[in-house]
Amino acid sequence: MTNEAEEEPRLLTIPEIAADRGVSRQLVHRIAQSDPGFPDPVITPGSTRAKYPSDKVEEFFANRTIRPGRRTDLEKRQGDADAGDQD
């Protein structure tokens, strides 16, 4: 009989994480590569695909602060200022 507290967490692939989070695989891969807080991958015997412990992935996303990107559509482009000076 196994105790639930002693069970290993489920291992998730990047596509599975993406599907669970409702985001693209590319976004999850970029986060995994660039964010040092993302859980370390686990390589299982007989597989070359990295998998990530579900409990650590859940903890990572629960504590992750999402910062919006800078709005570049409101900035003047370099050539825009010059175009208005021509008469």
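Reader: Which residues are buried in helix 3?

Author: This is a predicted model. In helix 3, which spans residues 54-63, the buried residues are Val 57, Phe 60 and Phe 61.

Reader: Why do they end up on the same side of helix 3?

Author: Because the arc they cover around the axis is only 90 degrees.

Reader: And which exposed residues sit on the face turned away from the buried side?

Author: Glu 59, Ala 62 and Asn 63.

Reader: Let me step back. How many helices and strands does the protein have?

Author: The count is 4 helices and 3 strands. Along the sequence they come in the pattern β-α-α-β-β-α-α.

Reader: What is the strand order in the sheet?

Author: The order is 1-3-2, in an open sheet with antiparallel pairing. Strand 1 (11-12) and strand 2 (42-43) are the edge strands, each pairing on one side only.

Reader: How many bridges join strand 2 to strand 3?

Author: There are 2. Ile 43 stands opposite Ala 50, and Val 42 has Lys 51 as its bridge partner.

Reader: What about strand 1 and strand 3, how many bridges there?

Author: Also antiparallel, over 2 bridges. On that side, Leu 11 stands opposite Pro 53 of strand 3.

Reader: How many residues lie between the strands in the hairpin of strand 2 and strand 3?

Author: 6 residues, and Gly 46 in that hairpin takes a positive phi near 85 degrees.

Reader: Changing topic: how many aromatic pairs are there in the whole structure?

Author: A search finds 4. One of them is Phe 38 with Tyr 52, edge-to-face, at 5.2 Å centre to centre and 70 degrees between the planes.

Reader: Where in the chain are Phe 38 and Tyr 52?

Author: Phe 38 is in the loop between helix 2 and strand 2, while Tyr 52 is in strand 3. They are 14 residues apart, and the pair links distant parts of the chain.

Reader: Are those two buried or exposed?

Author: Phe 38 counts as buried because its relative accessibility is 4%, and the cut-off for buried is under 20%. Tyr 52 is buried too, at 6%.

Reader: Why does the pair of Phe 38 and Phe 61 count as edge-to-face?

Author: The ring centres of Phe 38 and Phe 61 are 6.3 Å apart and the planes are at 85 degrees, so the pair is edge-to-face. The cut-off for that class is over 60 degrees. This pair also links distant parts of the chain, since Phe 61 is in helix 3, 23 residues from Phe 38 in its loop.

Reader: What is the relative accessibility of Phe 61?

Author: 13%, so Phe 61 counts as buried.

Reader: Which residues make up the ring cluster?

Author: Phe 38, Tyr 52, Phe 60 and Phe 61, linked by ring pairs. Two of these names, Phe 60 and Phe 61, came up among the buried residues of helix 3.

Reader: Last topic, the whole chain. What percentage of the residues is buried?

Author: 18% of the 87 residues. The accessible surface comes to about 7600 Å², and carbon and sulfur atoms account for 46% of that.

Reader: And what share of the contacts join residues at least 24 apart?

Author: 44%, taken among contacts between residues at least 6 apart in sequence.

Definitions and conventions
Residues numbered from 1 in each chain as written. Predicted model: local features only at pLDDT ≥ 70, side-chain atom pairs only at ≥ 80, totals over all residues. Heavy atoms only, no water. Buried < 20%, exposed > 50% of the residue type's maximum accessible area, 1.4 Å probe, protein only. Arc of directions from axis to C-beta. Pairing = 2+ DSSP bridges. Phe/Tyr/Trp six-rings, centres within 6.5 Å; stacked < 30°, edge-to-face > 60°. Contact = heavy atoms within 4.5 Å. Areas by Shrake-Rupley, 256 points an atom, 1.4 Å probe, with all protein chains shown as cover.
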